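Student: I have a model to go through. Can we check each label against its criterion?

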Amino acid sequence: MYSQEHKEFLKKRKKRKILITLTQLLILILLIIIWELLAKYEIINTFISSSPSKIINTIMDLYKTNNLFKHIWITIYETILSFGLGTILGIIIAVILWWNNFLYKVLDPYLTVINSLPKVALGPIIIIYFGANINSIIIMALLISVIITIITVYNGFTETDINKINLLKSFKATKWQILKMAILPSSYSTIISSLKINISMSLIGVIMGEFLVSKEGIGYLIMYGSQVFNLNLVISGIIILMIVSILMYKIVSYIEKILIKKD
Amino acid sequence: MINTSKNSNDILVIKNLTKIYHNKEGETLAIKDLNLNIKEGEFVAIVGPSGCGKSTLLSILCNLEDKSAGNIIFPKKEVKLGYMLQEDTLFPWLNILDNCLLGLKVQKKVTKENKDNVLKLLNTYGLKDFIKKYPNNLSGGMRQRVALIRTLATNPDILLLDEAFSALDYQTRLAVSDDVWKIIKKEKKTTIMITHDIAEAISMADRVIVLTNRPSKVKKIYNIEMTNSSSPINNRKCPEFSKYYDLIWKDIDIHV
Ligand SMILES: Nc1ncnc2c1ncn2[C@@H]1O[C@H](COP(=O)(O)OP(=O)(O)OP(=O)(O)O)[C@@H](O)[C@H]1O
Ligand SMILES: [Mg+2]
């Protein structure tokens, strides 16, 4: 059992935590109210700044015309697809590079260049090659997530304790056994934490892709809204995107927590 | 003084071993014409100035490094070597039992018999209650015992210990080296141990080999003979102990 002092300490801590959360909520609510009031008394121009009630109406309209979840779903679908492909491909390529150091040395400068290049610049080429459709969006997101995965995971591999590798070698382990028994397990947490980066990267790629290709998805809503100068739609899109990205990030963080705990 | 003639009791003969490391900064002559015979069942300690090439010698024996010249001969039969490094080569993601079975797994020899043998070793050396635990739940001394059992599991003919106790604090180190010595003697293993610690070398070994500065060669060999020799901790109290200590100290003494 805890001492009285420790109980007091815990109580104080909890109180403080609640206070912080409440203050955060209060600021949010206050901002929304001020925004709404400013719009209502026409102190700000609602045509370019929209207002909370208009945003809610826009979202409700989207929902009623059955489009809201279609757009959300397509963006989530594209993100998960490119996230999954990016992670798997990234790990496989990292393994190949670890296996063949010559190949790694040869490809290293290319990887660096591609990594530092803003992938959106490749957008037009991607569209020409893969067409103005979902394929281009996936490729765009994949490009962004796969390169960073390769680099993070490969670095994780090379950080494996040399003594562990030597120990396995002293048992006459094959390269495959070294990979399976030392490299992969000791890079486990690196790989898992690269997932969190990857989900954000994929979402960025998907939204960029949707901006360019624009048929459906949250990125399309934002782009379309700006083209017809419907700022209500633009800001609604951004808010939906915020919620979606927070949700996906939280889910991946949660999965990460479970996977790491098992360790 | 160095006997290279074939002795019927030799399990390992090293002849004119030379090792040069190459890298872009240049070459390092680590070992030059090193000759050494190891007899079956003996406990040999190797001491020498830091950086003289001790670890290199073991790496070559274990095939982790290629030799540049010379011969490594096993006069009796091909022998299996067991390598035990300094600290923390236990795999944190495997439990104690799986850590001990690692070598067997690599060699695809996890038979019922071998597994029972490992369990018996864990049992005998006081680790029975920990087989499902993970290395970070164990003390430094226990981890070192686990590492030894992992090495013994593959049933090597020669044990190679590279600074196996240097990560431990002084008190634990005395106790663990005593423990490990007893295990090794009980399992009747030929052992080559590298150490920085002259006292550790004298108290544990049957012979102490002193190497020269890099490039290393054998400088001196001491047959350790103690009155009432028993376990390493007790050996430290023998009258000859300090005599050997002084001699070896002077051999290694590098003017810093
Ligand atoms: N992979 C390597 N490449 C180049 N030089 C090396 C390599 N490994 C060791 N050396 C050099 O070879 C020499 C012997 O190294 P070694 O590790 O065998 O010494 P040691 O006697 O074990 O030293 P210590 O007492 O510090 O453990 C050193 O000068 C070291 O710098
Ligand atoms: Mg060394």
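Tutor: We take the ligand shell, then helix packing, then backbone details.
Tutor: This is a predicted model, where local features need pLDDT of at least 70, side-chain atom pairs count only at pLDDT 80 or more, and totals for chains, interfaces and linings use all residues. Residues are numbered from 1 along each chain as its sequence is written, chains are lettered from A and ligands numbered from 1 in the order written, and side-chain values use heavy atoms, with hydrogens and water left out.

Student: What makes a residue part of the shell around ligand 1?
Tutor: One of its heavy atoms must lie within 4 Å of the ligand. The residues around ligand 1 include Tyr21(B), Asn23(B), Lys54(B), Thr56(B) and His196(B).

Student: Which elements supply that shell?
Tutor: β1 (10-23) and α1 (54-61) of chain B each supply at least two residues. α1(B) gives the most, with 3 residues. Helices (H or I, at least four residues) and strands (E, at least two) are DSSP runs, numbered from the N terminus.

Student: How does the shell around ligand 1 divide by class?
Tutor: It has 3 nonpolar, 7 polar and 2 charged residues. Ala, Val, Leu, Ile, Met, Phe, Trp, Tyr, Cys and Pro count as nonpolar, Asp, Glu, Lys and Arg as charged, and the others, Gly among them, as polar.

Student: Why are α4(A) and α10(A) called oblique?
Tutor: Helix α4 (residues 68-99) and helix α10 (residues 188-213) of chain A pack at about 130 degrees, with axes 8 Å apart. Axes are lines fitted to C-alpha atoms over the stretch in contact, and angles run from 0 to 180 degrees between N-to-C directions. Under 35 degrees is roughly parallel, over 145 roughly antiparallel, 65 to 115 roughly perpendicular and the rest oblique. The pair is therefore oblique.

Student: What makes α7(A) roughly antiparallel to α10(A)?
Tutor: The axes of α7 (residues 134-158) of chain A and α10(A) cross at roughly 160 degrees and come within 7 Å. That angle makes them roughly antiparallel. The contact residues divide into 13 nonpolar, 11 polar and 1 charged.

Student: And why is α5(B) called roughly parallel to α6(B)?
Tutor: The axes of α5 (residues 140-153) and α6 (residues 170-186) of chain B cross at roughly 25 degrees and come within 10 Å. That makes the pair roughly parallel.

Student: What is the peptide bond from Arg214(B) to Pro215(B), cis or trans?
Tutor: It is cis, with omega near -5 degrees. Pro215(B) lies in the loop between β8 (207-211) and β9 (218-223) of chain B.

Student: Where is Asn16(B)?
Tutor: Asn16(B) is in strand β1 of chain B. Its phi is positive, about 45 degrees, although it is not a glycine.
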